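Hi,

Here is the structure I promised to pass on.

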Amino acid sequence: MVDSLILILFLISGAAAGWLGVDLLPEPLLLQVDNPEGLRTVLGGFGAFFGLLAGFFFGQLRKRLMAQVRSMPTDLLVSRAVGLILGLLVANLLLAPILLLPLPWEVVFVKPLAAVLSNVFFGVSGYNLAEVHGRTLLRLFNPSSTEALLVADGVLMPASAKILDTSVIIDGRIRGLLDSGLLEGQVIVAQSVIDELQALADSANAEKRGRGRRGLKLLSELREQYGRRLVVNSTRYEGNGVDDKLLLLTADTGGTLLTADYNLAKVAEVKALQVLNLSELVIALRPEVQPGDELLLKIARDGKEADQGVGYLDDGTMVVVEGARGRIGERLPVVVTGALQNPTGRIVFARSEGPATENGAGEGAEAAKRKSRSERNRTKASPTNPGPANPQAGGPR
């Protein structure tokens, strides 16, 4: 509706400009025209055509501007608006002497040309300066705030908005990061992510339905806990999927994308966007294990290769132990021999050292007791120690 109204207004304006523009033509030129009304019609048609083209481009520009305004942080929007206003004010103050100059008819076009160029130049300059240094407005609005002063002076960098991917919402790790205070700034949830969670919650698959409902429940709890810090961005971007829309939102807001998707994180890095991969963060926070370190490890299962067992550290790191096959459930002292690090995780290699301890030691001790009892029974039954006579076995009466 708005686009159609814009096209109609530009069409009428162009036609009116062409129709009335005949009166602005030089009088010698008008005397050479045999049909002034026909000239008005032709110029009105050309004006309507160019007005229609201008209305189309203005409509596209309006759509892009509205998309940026909806996804733009409030402080950045206010600073850009103030910068644009100040730039236009400076431009018109400098134009006043030029517009008052008496110029001959031959160069009268200099006045409107100077007005257009100066407004465009100073307006764009003020807009760009506000985008770079707009945070200094915090000094004016809240001069008593230490944080505002540090941000305005460039000592403290402002916290960027954190944009959540579906993966970090479903697995629930975002709650721990927020509760620990490691994440600063606004937390933005895109409308496309909410739509994806709703589609999962309505799925016929029980597993997907549970994941979707868990994600929606987590968002509801975070909204109650953090209030206005959690922002739902209702901008609907054009894209082939949720990942494309998240990348567009990250580019428009200048925020940091939080995800556990390895491929999405790499695409964001290729596009020079700020991204935080929680899987890489978890790997980075794991304790370092060096060759030669001694560990007490419980064997969980047999390995793929012969004579291998597999155990796990407290952080979930898999440890492949040589010489531990068939010792499931035993807790063995092992020595680390090496580690393999890749983008998806880490694998530690070790070898078994010494006897089993704890559970394994208990099981070994029990087996030793059973073996000792069986040996004693065989000794009692041997000819050198026949044992007590049995009266019922035909012995002497």
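**Notes on the sheet and the helices around it**

Strand β2 (residues 187-190) runs parallel to β3, and 4 bridges join the two. Pairing here needs at least two bridges found by DSSP between two strands. Helices (H or I, at least four residues) and strands (E, at least two) are DSSP runs, numbered from the N terminus. Within this pair, Ile 188 stands opposite Val 231 in β3.

Before I go on, the ground rules: this is a predicted model, where local features need pLDDT of at least 70, side-chain atom pairs count only at pLDDT 80 or more, and totals for chains, interfaces and linings use all residues. Residues are numbered from 1 along each chain as its sequence is written, and side-chain values use heavy atoms, with hydrogens and water left out.

Back to the sheet. It is open and has 5 strands in the order β3-β2-β1-β4-β5, with parallel pairing. β3 (230-233) and β5 (274-277) are at the edges with a single partner strand each, so one side of each has no neighbour in the sheet. On average, neighbouring strands are turned by 30° against each other, direction ignored. Helix α13 (residues 262-270) packs on this sheet, where it touches β4 (256-259) and β5, and its direction makes about 155° with that of β5. For these angles, axes are lines fitted to C-alpha atoms (for helices over the stretch in contact), and values run from 0 to 180 degrees between N-to-C directions. Touching, or contact, means heavy atoms within 4.5 Å.

Is Asn 277 buried or exposed? At 6% relative accessibility, Asn 277 counts as buried; the cut-offs are under 20% relative accessible area for buried, over 50% for exposed and partly exposed in between (1.4 Å probe, protein chains only). Leaving out residues up to four places away in sequence, Asn 277 touches Thr 259, Ala 260, Asp 261, Tyr 262 and Ala 265.

The buried residues of α10 are Gln 191, Ser 192, Val 193, Leu 197, Leu 200 and Ala 201. What do the buried residues of α10 pack against? Their partners are β1 (162-164), α8 (166-170), β2, α11, β3 and α12 (242-253).

Two of those helix partners in detail:

- **α11.** Helix α10 (residues 191-201) and helix α11 (residues 206-226) pack at about 135°, with axes 6 Å apart. That makes α10 oblique to α11; angles under 35 degrees count as roughly parallel, over 145 as roughly antiparallel, 65 to 115 as roughly perpendicular and the rest as oblique. The crossing of α10 past α11 is left-handed, a term for a near helix turned anticlockwise from the far one by less than a right angle (right-handed if clockwise). From α10, Ile 194, Leu 197, Gln 198, Leu 200 and Ala 201 take part, meeting Lys 208, Arg 209, Gly 212, Arg 213, Gly 215, Leu 216 and Leu 219 in α11. By class, the contact of α10 with α11 has 6 nonpolar, 3 polar and 3 charged residues. Here Ala, Val, Leu, Ile, Met, Phe, Trp, Tyr, Cys and Pro count as nonpolar, Asp, Glu, Lys and Arg as charged, and the others, Gly among them, as polar.
- **α12.** α10 and α12 pack at about 155°, with axes 9 Å apart. That makes α10 roughly antiparallel to α12, and their crossing is left-handed. Ser 192, Val 193 and Glu 196 of α10 make the contact with Val 242, Lys 245 and Leu 246 of α12. This contact has 3 nonpolar, 1 polar and 2 charged residues.

Further along, β7 (residues 308-312) and β8 (residues 318-322) pair in the antiparallel sense over 5 bridges. Gly 309 stands opposite Val 321 in β8. The hairpin has 5 residues between the strands, and Gly 316 takes a positive phi near 95° there.

If you check backbone torsions, look at Asp 307 too: it is not a glycine, yet has a positive phi of about 70°. Asp 307 is found in the loop between β6 (294-302) and β7, and counts as partly exposed at 42% relative accessibility. Ala 272 also has a positive phi, near 60°. Its place is in the loop between α13 and β5, and at 69% relative accessibility Ala 272 counts as exposed.

Cheers
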